[in-house]
Amino acid sequence: MTASGIMLRALNGEAVFPPPVWMMRQAGRYLPEYRELRKRANGFLDLCYTPDLAVEVTLQPIRRFEFDAAILFSDILVIPHALGRDLAFEEGRGPVMTPMTGTDVARLDGSGLHQHLAPVYETVRRLRSELPVETALLGFCGAPWTVATYMIAGRGTPDQAPTRLFAYREPAAFAALLKVLADVSADYLIRQIDAGADAVQIFDSWSGVLDEVSFQRFCVEPVAEMVRKVRQVHPDVPVIGFPKGAGSLYMGYREKTGVTALGLDWSVPFSQAKQLQANGPVQGNLDTMRLVAGGRALDEGVDMILSQLGNGPLVFNLGHGIVPETPIDHVQAMLDRVRGTKR
Ligand code: CP3
C-alpha cells in the first residue's frame, strides 16, 4: 500500500496549507528514546543493518510528533560500505573510513551490493506496512559528490579540500568514482522504491564548496544520471534533491537534474525561493539554531516560511539536520505553530 497524505500531494505540486512537515535527521540523538536504544545496540551500523532496530528508530519520531513523512533510518555511507570500503562511527568523531587512493577506485566491488543492503530493503518493506497510509515513507541516499568526499578524505572535513584536490589531480579516477556511485545509488533508490518507499531524497550536503564548473560536473551531472535511471523504472515517484549550500547555483538545478522538489538550506533568500517554487515544490528551510533557541526566534522563523512560501507547493522542514542539543519541546512548538497557522 502506498501513502496518500498531504506530503505526496505537496510533492506532486499542490499548495497544501498548512503544509506537510518532517525534519531531516528526525530520528536521532535529540530523542531520549533513540539514545536509549543506541546504548543497547552494538554500534550505529548495527542499528542501520538490523531491521527490527531500524524500523523502531524510524517510527520513534512519528509516534511522538506524527510527522507527515517518515525517513528510513540508515546512513548515506552504507553505499561505500556495501562497495567494500571499511566504515566505523566513532563516538564524538562521526564516520571514519580508510582514505581512498586513485588505484582503489578500480577495486570497488559491487558484486555483493544488494545482498549487503538487503536488511535496508527489509526495513523499508516493514515500515510501509506499519506506517499509517497518510504518512509518506521516504527513502534516501547521498549524492555521489557528497559520498565521495567521505570516501576520499576518510572523514568529514569543513571544506572538502582533500576531495577537491583529488578531483583536479586525478580527474579520470574521480570521474570513474562518481560513475560507480551514481550507478549503484540509483539502483539502491530503485530497490527502496520497489520495497515501498513513496518518495526519495538525494542528500548533496557538500555541494556548496565547488566552483560553477565543478558543481555542474560533480553534483548536477551525476544526480541527473541517477534521476534518469530511477525514472526509467519508477516514472511517477517524487525525487527530492538537496544541494545544500548551492547558493545561486540552486537556480536551474531542478531543470538540469530532473528532481521533483528542491530542498533549500536557510541561506536561500525568500525572493529566490519563490522563483524556485514557481517551477515546482520546495522543501525547507528553517535555521536549525532557531529550533534550538525556541521562543520568538522559532516563531519568527516558522512564520516567515509560512508567509513567504505557504501559497505554493511547500514541504516544511529544517534547512539541514536537527542537532542533538535541540529541546524536544521546541520541536512540538514548531509543529503546533505550523499546523495551527491559518492562512
Ligand atoms: O534523517 C533521518 O533521521 C534518517 C537517518 C539519517 C542519518 N544520516 C542517521 C545518522 C540520514 C538521512 C543521514 C544522512 C547523512 N549521513 C548525511 C546527509 C545529511 C546531512 O546531515 O548532511 C551525511 C553527510 C551523513 C554522514 C554522517 N553520518 C555523519 C557526518 C555523521 C556524524 C555526524 C552526526 O550527526 O553524528 C553520521 C552519523 C549519524 N547518521 C547519526 C545518525 C542518527 C548519529 C550516529 C550516532 O547515533 O552516534
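Predicted model: local features only at pLDDT ≥ 70, side-chain atom pairs only at ≥ 80, totals over all residues.
**Stop 1: the whole chain**

**Stop 2: the ligand and its pocket**

Now select the ligand and bring up a surface. The space that the ligand takes is the largest pocket. Next, show the shell of 22 residues around the ligand; Arg29, Tyr34, Asp75, Ser205 and His320 come nearest. Colour the shell by class and you get 13 nonpolar, five polar and four charged residues.

**Stop 3: oxygen atoms of the ligand**

Pick tyrosine 34 first: an N or O atom of its side chain is 2.5 Å from an oxygen atom of the ligand. Then pick serine 205, where a side-chain N or O atom also has a ligand oxygen atom at 2.5 Å. For arginine 25, look at the backbone instead, as a polar atom there is 2.7 Å from an oxygen atom of the ligand. How much of the ligand does the protein bury? Taken alone, the ligand exposes 860 Å², and the protein buries 89% of that.

**Stop 4: backbone geometry worth a click**

Leave the ligand and look at the backbone. For context, most residues other than glycine have a negative phi, and most peptide bonds are trans.

- Select phenylalanine 17 and proline 18: the peptide bond between them is cis, with omega near -5 degrees. Proline 18 sits in the loop that runs between helix 1 (6-11) and helix 2.
- Move on to glycine 284 and asparagine 285, which are joined by a cis peptide bond with omega near -15 degrees. Here asparagine 285 is part of strand 8 (residues 282-286).
- Finish at glutamate 66, which has a positive phi of about 50 degrees although it is not a glycine. You will find glutamate 66 in the loop between helix 4 (51-65) and strand 1 (69-71).

Methods
Residues numbered from 1 in each chain as written. Heavy atoms only, no water. Near = heavy atom within 4 Å. Polar contact = N/O pair within 3.5 Å; in protein donor to acceptor, adjacent residues only side chain to side chain. Areas by Shrake-Rupley, 256 points an atom, 1.4 Å probe, with all protein chains shown as cover. 1 Å grid on protein atoms, 1.4 Å probe; cavity = no way out; pocket = protein on both sides within 12 Å on 5 of 7 lines; lining within 4 Å. Sits in = over half its atoms within 2 Å of the grid points. Nonpolar A, V, L, I, M, F, W, Y, C, P; charged D, E, K, R; others polar. Helix = DSSP H or I, 4+ residues; strand = E, 2+ residues; numbered from the N terminus.
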